[in-house]
Amino acid sequence: MSETVSKIKLATVWLDGCSGCHMSFLDMDERLLELSAQFDLVYSPLVDFKVYPEAVDVALVEGAISSVEDERKIQAIRKHTKFLIAMGDCAVTGNVPSMRNPFGPEAVLERAYRQNVTAQAQIPCVLVPALLEKVRPVHEFVKVDMYLPGCPPSADTFYTVLSDLFAERTPDVASLTRFGA
Amino acid sequence: MSAPVDVKTLVIDGVNVSGRAGQTVLEVARENNISIPTLCHLDGLSEVGACRMCLVEVKNSPKLFPSCVLKVEEGMEVTTASDRLKHYRQTILELFFAERNHICSVCVANGHCELQSAARSQGLTHVRLPYRNPLLDVDASHERFVLDHNRCILCTRCVRVCAEIEGAHVWDIMSRGIDSMLIADLHQPWGESSCTRCGKCVQVCPTGALSDKSKLGSDHPKYPEFLPYLNMMREGQ
């Protein structure tokens, strides 16, 4: 293969999740080096690009959609991404962030910023995005091309799925991981 | 002199099999190593046909039948796996997940849950239906056990084991449809009910709805296999 063959443009995104999926992604360890021969990381919390590129081949999206900012981001990501993967249970099901849904955002903010605070109790309203009424999975907002459940999906799952995708094979996700894995 | 055994011959997934009259398609299929997924069925308890996971196709009928309550008949031709059945089974599982708050990652039954493993075996990687996210109670009033309505799929295994095996009939289902709710006695806190504290309901619960208080995280395997054994020993007496 010549050096000029264009690499897959890979992005990873961190919305309302704990970053555990990104940690698990990094847990591929030395296998990341092997895979990186085939991709360029064009946007990610792991690197320093500030703007989502115009044309991304594969995006791994961690986290649920919880705020107006998440919603704006996911729309932009979808627009500029060929193949969007919902990475981990938060992106796939809402998972732990969605545990606030039965109570609503007001009750949660009240609990976090007023009831449990002794000094300057106030709900943040400047520079932070407003919370959506309900935390929802990514596919309720945009089309998702592949679902990778797991909390987090294991490094082996990432390796198998990305190797398969880069080789233009379709991975059998249900045999690799599950909700809560 | 014993009565002659009434044998029925039928075809399941193209295999010629036979069963006794009165046996269910599910029983005969499993005797012949043909697997049919189930959730509300449990060896040792009566059948209710509630969960619909075990639906099968029967030749010359447009209807689907729950195999756990479908009695074998002579000449019956049964199909246990098809695209149509897969579609229905996946949709049933999606309805379970969307109905209440099944947060697998923080559930006491994570890794030991029959709903979770059914989702995996049916190839379910996401839920297409919007989640309802109802506000539900957790009853921790019992000294030894916890009832978490968020994880309950209303399979009624606990109701049946308590009534049929323990003979206490503490559990029952209140209301109907989407409002259905598991209750102890006449809707009392579990800890103040007539519970005998035997723990059978916890062992037969397929999800994290009933759990042992001494268990933390996902360290909660359950052992429902005791039931057929217990029944066998009682019959032997």
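This is a predicted model: local features need pLDDT of at least 70, side-chain atom pairs count only at pLDDT 80 or more; totals for chains, interfaces and linings use all residues.
Me: What makes I36(B) buried rather than exposed?

Reply: A residue is buried if 20 or more other C-beta atoms lie within 10 Å of its own. I36(B) has 23 such atoms within 10 Å, and therefore counts as buried. I36(B) belongs to the loop between α1 (25-31) and β3 (55-58) of chain B. Neighbours within four places in sequence aside, its contacts are L26(B), A29(B), C54(B), V56(B), S67(B) and T80(B). The C-alpha atoms of I36(B) and L55(B) are 8.4 Å apart, although 19 residues separate the two along the chain.

Me: How do you know whether N133(B) and S175(B) are buried or exposed?

Reply: The count of C-beta atoms within 10 Å decides: 20 or more for buried, 12 or fewer for exposed. N133(B) has 22 others within that distance, so it is buried. S175(B) has 10, so it is exposed. N133(B) lies in the loop between α3 (114-121) and β6 of chain B, while S175(B) lies in the loop between β8 (171-174) and β9 (181-184) of chain B.

Me: What is noted about phi in N133(B) and S175(B)?

Reply: Most residues other than glycine have a negative phi. Phi of N133(B) is near 50 degrees, a positive value, and phi of S175(B) is near 65 degrees, also positive.

Me: Why are β6 and β10 of chain B said to stand at the edges of their sheet?

Reply: The open sheet has 3 strands in the order β6-β7-β10 (chain B), with antiparallel pairing. β6 (138-139) and β10 (210-212) each have a single partner strand, so one side of each is left without a neighbour in the sheet.

Me: How do you know that β6(B) and β7(B) pair?

Reply: Pairing requires at least two bridges between two strands. β6(B) and β7(B), residues 145-148, share 2 bridges in the antiparallel sense and therefore meet that requirement. V138(B) stands opposite D148(B) in β7(B).

Me: Which residues have the most contacts inside the largest nonpolar core?

Reply: That core has 59 residues, and those with the most contacts inside it are V25(B), L39(B), C158(B), W171(B), C201(B) and L210(B). Beyond four places in sequence, C158(B) touches W171(B), C201(B), V204(B), C205(B) and L210(B). Apart from this core lies another, of 35 residues, including V13(A), Y43(A), A59(A) and A86(A).

Me: What makes up the contact between chain A and chain B?

Reply: Chain A gives 22 residues and chain B gives 19 residues. On the side of chain A, α4 (88-93) and α7 (173-176) each supply at least two residues, and α4(A) has the largest share, with 3 residues. The residues on that side divide into 11 nonpolar, 7 polar and 4 charged.

Methods: Residues are numbered from 1 along each chain as its sequence is written. Chains are lettered from A and ligands numbered from 1 in the order in which they are written. A nonpolar core is a set of buried Ala, Val, Leu, Ile, Met, Phe, Trp, Tyr and Cys residues joined through C-beta atoms within 7 Å. Two residues are in contact if their C-beta atoms, placed from the backbone, lie within 7 Å. Helices (H or I, at least four residues) and strands (E, at least two) are DSSP runs, numbered from the N terminus. Ala, Val, Leu, Ile, Met, Phe, Trp, Tyr, Cys and Pro count as nonpolar, Asp, Glu, Lys and Arg as charged, and the others, Gly among them, as polar.
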